[in-house]
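Please consult the sequence and the structure shown here while reading.

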Amino acid sequence: RILIVTDAWTPQVNGVVRTLQATIAELRTAGHEVEVISPDLFRSIPCPTYGEIRLAFAGRRAVGRRIRAFAPHAIHISTEGPLGLAARRWCLANDFPFTTAYHTRFPEYVAARLPVPAALVWRFIRWFHRPARHIMVATRSLALELAGQGLGQTMMWERGVDHGLFRTDRSPHPAFVDMPRPIQLYVGRVAVEKNIEAFLGTGQPGTKVIVGDGPALADLRARYPEASFLGKMGGEELASAYAGADVFVFPSRTDTFGLVVIEALSCGTPVAA
């Protein structure tokens, strides 16, 4: 019985949620029983500056009741939000070992949104993750980065891509038919920490295409009318967008991996990141 505690969950569409969903599906296929403690189980409010993210009103007692009811053999705390903090407190109070994950470069993420020095946020990151038995990371460079912060108990949690969906023989997305080439594609949340302006502000010829939604969408659409904003996509439609682009552009400085990068590569599209 594996319990996963996460502040990032559906209806959010991002790399953390997709990683957890894929992992849970594989764990269940392997015969494990998996339970998720997520914001939809509690009263919550929209996160300031990012309404898609819900912040749950849940303390150690409320989260602890759900932990005890499930009686897990293992607890994984996926995020550093309110639910992650509550589960961490419960685990420490009950001497229950747990793992965490470093999904986002949180110091840079916060600095992109608030006037908070990255060094101050690193203090929080070190405090949050230090008691964890292992800290799951997607790359070896992240393991080295955390080791430099005194967090050496990392464990590799590598990522994969669905080659049955993201493949090179996909027909291009029909929206690309009349677009001037080369088509430069970004896929992901449309938010300030993704550094999309660095992409849209380049003077490259061709067409810049944005696939995704988020709090910065209206502003970027107004400021960059020459770009094409196609909204959210998934499944075969998304795969056709990757396959039809000439280059995939990933300007984010806060992501620890970026599943979209290997999805684009799986469709035969080169990446500028």
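R189 is buried, with a relative accessible area of 16%, where buried means under 20% relative accessible area, exposed over 50%, and partly exposed in between (1.4 Å probe, protein chains only). The model is a predicted one, in which local features need pLDDT of at least 70 and side-chain atom pairs count only at pLDDT 80 or more, whereas totals for chains, interfaces and linings use all residues. Residues are numbered from 1 along each chain as its sequence is written, and side-chain values use heavy atoms, with hydrogens and water left out.

## Salt bridges

The side chain of R189 forms a salt bridge with that of E193 (3.0 Å, N to O); the term denotes a side-chain nitrogen of Lys or Arg within 4 Å of a carboxyl oxygen of Asp or Glu. E193 is likewise buried, at a relative accessible area of 3%. By this rule the count comes to 10 salt bridges.

| Pair | Separation, N to O |
|---|---|
| E263 and R18 | 2.0 Å |
| R189 and E193 | 3.0 Å |
| E236 and R170 | 3.8 Å |

The salt bridge between E263 and R18 links distant parts of the chain, with E263 in helix 10 (residues 259-266) and R18 in helix 1 (residues 15-29), 245 residues apart. Helices (H or I, at least four residues) and strands (E, at least two) are DSSP runs, numbered from the N terminus. E263 counts as buried, at 4% relative accessibility, while R18 counts as partly exposed, at 29%.

The side chains of E236 and R170 also meet in a salt bridge. This pair again joins distant parts of the chain: E236 belongs to helix 9, and R170 to the loop between strand 8 (154-156) and strand 9 (183-187), 66 residues apart. E236 is exposed, with a relative accessible area of 54%, but R170 is buried, with a value of 15%.

Is A241 buried or exposed? A241 is buried, because its relative accessible area is 0%. Leaving aside residues up to four places away in sequence, A241 touches H173, F176, L185 and M233, a contact being heavy atoms within 4.5 Å. The C-alpha atoms of A241 and R170 are separated by 8.9 Å, although these residues are 71 residues apart along the chain.

Helix 10 is mostly covered, as seven of its eight residues are buried. These are L259, V260, V261, I262, E263, A264 and S266. Which elements do the buried residues of helix 10 pack against? Their partners are helix 1, strand 9, helix 9, strand 12 (247-249) and strand 13 (271-272). G268 follows helix 10 and has a positive phi, near 80 degrees.

## A positive surface patch

R60, R61, R65, R66, R68 and R89 form a positive surface patch. Patches are made of residues with over 30% relative accessible area and no salt bridge, like charges being joined within 9 Å and nonpolar side chains (Val, Leu, Ile, Met, Phe, Trp, Tyr) within 5 Å. Helix 2 (residues 60-70) gives the most to this patch, with five residues. R89 lies in helix 3 (residues 82-93) and counts as partly exposed, at 38% relative accessibility.

## Backbone geometry

Most residues other than glycine have a negative phi, and most peptide bonds are trans. The peptide bond from T10 to P11 is cis, with omega near 10 degrees; P11 is placed in the loop between strand 1 (2-5) and helix 1. A cis peptide bond also joins R181 and P182, with omega about 0 degrees, and P182 lies in the loop between strand 8 and strand 9.

A71, although not a glycine, has a positive phi of about 50 degrees. A71 is found in the loop between helix 2 and strand 5 (74-77) and counts as partly exposed, at 35% relative accessibility. D95 has a positive phi near 55 degrees and is located in the loop between helix 3 and strand 6 (99-101). At 70% relative accessibility, D95 counts as exposed.

Note on methods: Areas by Shrake-Rupley, 256 points an atom, 1.4 Å probe, with all protein chains shown as cover. Lys, Arg positive; Asp, Glu negative; His and termini not counted. Charge placed at Lys NZ, Arg CZ, Asp CG, Glu CD.
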